[in-house]
Amino acid sequence: MRFHLNYCVACRQELDRWETLQADLRYLPRHRVPPELALRLRVLLSQRLHRNPLGLLLVHLENGLRPLLLPASAGVLTAIICFGLILGTGVPPVSNIPDVPLRIVTPPRVKELAPINFSAGDQPVVLVTFISAAGRVKDYKVLSGAPSRELTHQLDRILFFSLFQPATTLGKPTDGEVVLSLRRITVRG
Ligand SMILES: [Zn+2]
């Protein structure tokens with residue numbers, strides 16, 4: 001592919017376009033989905049399911065989007081965290097993923113973030129996190145610029161004390177990676 005890209009102007013331009021788009025998307029302000037909208041969508045979905053065979057496709061789409069939704073964390077921790085799965089390196093946009101493999105391979109998900117206060121300031125910290133089959137962070141890499149020593153220290157503490165639901169292949173836990181965008185973690189109580 002790399003060889004082809006060296007010689008094919010059309011493909012090279014297409015790739016540049018995607019890379020620019022990806023970089024631009026990363027810096028868009030994030031809007032939170034109001035909870036009542038999620039409920040309304042669910043109601044609409046179940047109505048459609050009963051009269052439209054295409055509804056099945058929507059269920060698969062919804063399953064595909066589920067990793068993007070904020071998991072309800074129990075108790076004291078309120079986390080504002082955006083999942084940048086779509087922005088992951090080399091991961092095609094959701095609309096391009098055929099719905100069948102979603103049930104075979106699932107990405108890792110955040111189960112419980114370490115209860116440590118964190119604020120990234122204006123720009124969210126985007127990082128790729130390598131999750132072991134046991135649900136622990138093996139390693140991570142900050143994608144959004146070079147992290148300061150203080151930020152690295154904070155991220156170390158948060159990530160290595162957080163629990164993840166590992167990726168699965170055919171229902172079996174495996175190593176996996178997930179792109180996270182951390183903005184703020186507020187610990188209460
Ligand atoms: Zn080409």
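A salt bridge is here a side-chain nitrogen of Lys or Arg within 4 Å of a carboxyl oxygen of Asp or Glu. The legends below describe a predicted model, in which local features need pLDDT of at least 70 and side-chain atom pairs count only at pLDDT 80 or more, whereas totals for chains, interfaces and linings use all residues. Residues are numbered from 1 along each chain as its sequence is written, and side-chain values use heavy atoms, with hydrogens and water left out.

**View 1**
Asp 16 and Arg 12 form a salt bridge in which the closest N and O atoms are 2.7 Å apart. The two residues are four apart in helix H2, so about one helical turn separates them. Helices (H or I, at least four residues) and strands (E, at least two) are DSSP runs, numbered from the N terminus. Asp 16 is partly exposed at 32% relative accessible area, and Arg 12 is partly exposed at 35%. The terms follow relative accessible area: buried is under 20%, exposed is over 50%, and partly exposed lies in between (1.4 Å probe, protein chains only). A salt bridge also joins the side chains of Glu 14 and Arg 17, at 3.3 Å from N to O. Glu 14 and Arg 17 are three residues apart in helix H2, again about one helical turn. Glu 14 is partly exposed at 37% relative accessibility, while Arg 17 is exposed at 52%.

**View 1. The salt bridge between Asp 175 and Lys 138.**
A search of the whole structure gives three salt bridges. One of them pairs Asp 175 with Lys 138, with 2.7 Å between the closest N and O atoms. Asp 175 sits in the loop between E9 and strand E10 (176-187) and Lys 138 in strand E6 (residues 137-142), so the pair ties together parts that are 37 residues apart in sequence. Asp 175 is partly exposed, its relative accessible area being 46%.

**View 2. The zinc site.**
His 4 (NE2), Cys 8 (SG) and Cys 11 (SG) coordinate the zinc ion at 2.1 to 2.3 Å. Donors are N, O and S atoms within 2.8 Å of the metal (3.2 Å for Na, K and Ca); water is not among the atoms, so sites may look incomplete. The spacing of the donor residues in sequence is H-x3-C-x2-C. His 4 counts as partly exposed, with 43% relative accessibility.

Trp 18, Leu 21, Leu 25 and Leu 28 make a nonpolar surface patch of about 370 Å². Patches consist of residues with over 30% relative accessible area and no salt bridge; like charges are joined within 9 Å and nonpolar side chains (Val, Leu, Ile, Met, Phe, Trp, Tyr) within 5 Å. Accessible areas come from the Shrake-Rupley method with a 1.4 Å probe, and for residues only the protein chains shown count as cover. Trp 18 belongs to helix H2 (residues 9-26) and is partly exposed, at 39% relative accessible area.

**View 3. Two aromatic pairs.**
The whole structure contains two aromatic pairs. Phe 3 and Tyr 7 form a tilted one, 5.0 Å centre to centre with 50° between the planes. Rings of Phe, Tyr and Trp (its six-membered ring) pair if their centres lie within 6.5 Å; planes under 30 degrees apart count as stacked, over 60 as edge-to-face and the rest as tilted. Phe 3 and Tyr 7 are four residues apart in helix H1 (residues 2-7), so about one helical turn lies between them. Phe 3 is exposed at 62% relative accessible area, and Tyr 7 is exposed at 63%. Tyr 140 and Phe 160 have ring centres 6.1 Å apart and planes at 55°, so this pair is tilted. The pair links distant parts of the chain, Tyr 140 in strand E6 and Phe 160 in helix H5 (residues 149-160), 20 residues apart. Tyr 140 is buried at 12% relative accessible area, whereas Phe 160 is partly exposed at 35%.

**View 4. Leu 170 in a loop.**
Leu 170 has a phi near 50°, a positive value in a residue other than glycine. Most residues other than glycine have a negative phi. Leu 170 lies in the loop between strand E8 (167-169) and strand E9 (172-174), and at 69% relative accessibility Leu 170 is exposed.
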